[in-house]
Amino acid sequence: MSRLERTVANIKIGGLIYVVSLLVTLFTRKIFIEYLGDDLVGLSTMMTNVLGFFALAEAGISGAVFYALYKPLYDNDRQKV
């Protein structure tokens, strides 16, 4: 199998997984709204978004810490680290 064939197969499988995931998400959301109500589903969505925001903020902070520690680690300056 060539690289091009593997790439095309990977794209097809990725697209299929995306479509299946989208359908499962829509189905479960319909069930949650039907049985739990709009308020609880809205609260759950809001908490998911807040958690995603915190994950994004943490990624920025860890990137800044890695950037600040790169030179002292490269220079083997244990005191500064």
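Visitor: Which residues form the nonpolar patch on the surface?
Guide: F27, I31, F32, Y35, L36, L40, L43, M46, M47, V50, F53 and F54, with about 1,300 Å² of accessible area together. Patch members have over 30% relative accessible area and no salt bridge, and their nonpolar side chains (Val, Leu, Ile, Met, Phe, Trp, Tyr) are joined within 5 Å. A salt bridge is a Lys or Arg side-chain nitrogen within 4 Å of an Asp or Glu carboxyl oxygen; areas are Shrake-Rupley with a 1.4 Å probe.
Guide: This is a predicted model, where local features need pLDDT of at least 70 and side-chain atom pairs pLDDT 80 or more, while totals for chains, interfaces and linings use all residues. Numbering runs from 1 along each chain, and side-chain values use heavy atoms, without hydrogens and water.

Visitor: Which elements give two or more residues to the patch?
Guide: α1 (3-36) and α2 (38-74), with the largest share, seven residues, coming from α2. Helices are DSSP runs of H or I, at least four residues, and strands are E, at least two.

Visitor: Is F27 buried or exposed?
Guide: F27, in helix α1, is exposed at 54% relative accessible area. Exposed means over 50%, buried under 20%, and partly exposed in between.

Visitor: OK, new topic: how many helices and strands does the protein have?
Guide: Two helices and zero strands. The radius of gyration (over C-alpha atoms) is 22 Å, well over the 12 Å from the globule rule for 81 residues, so the protein is more spread out than a compact globule. That rule is 2.2 Å times the number of residues to the power 0.38.

Visitor: And what share of residues is buried?
Guide: Buried residues make up 2% of the 81.

Technical notes:
Patches are made of residues with over 30% relative accessible area and no salt bridge: like charges are joined within 9 Å, nonpolar side chains (Val, Leu, Ile, Met, Phe, Trp, Tyr) within 5 Å. Buried means under 20% relative accessible area, exposed over 50%, partly exposed in between (1.4 Å probe, protein chains only).
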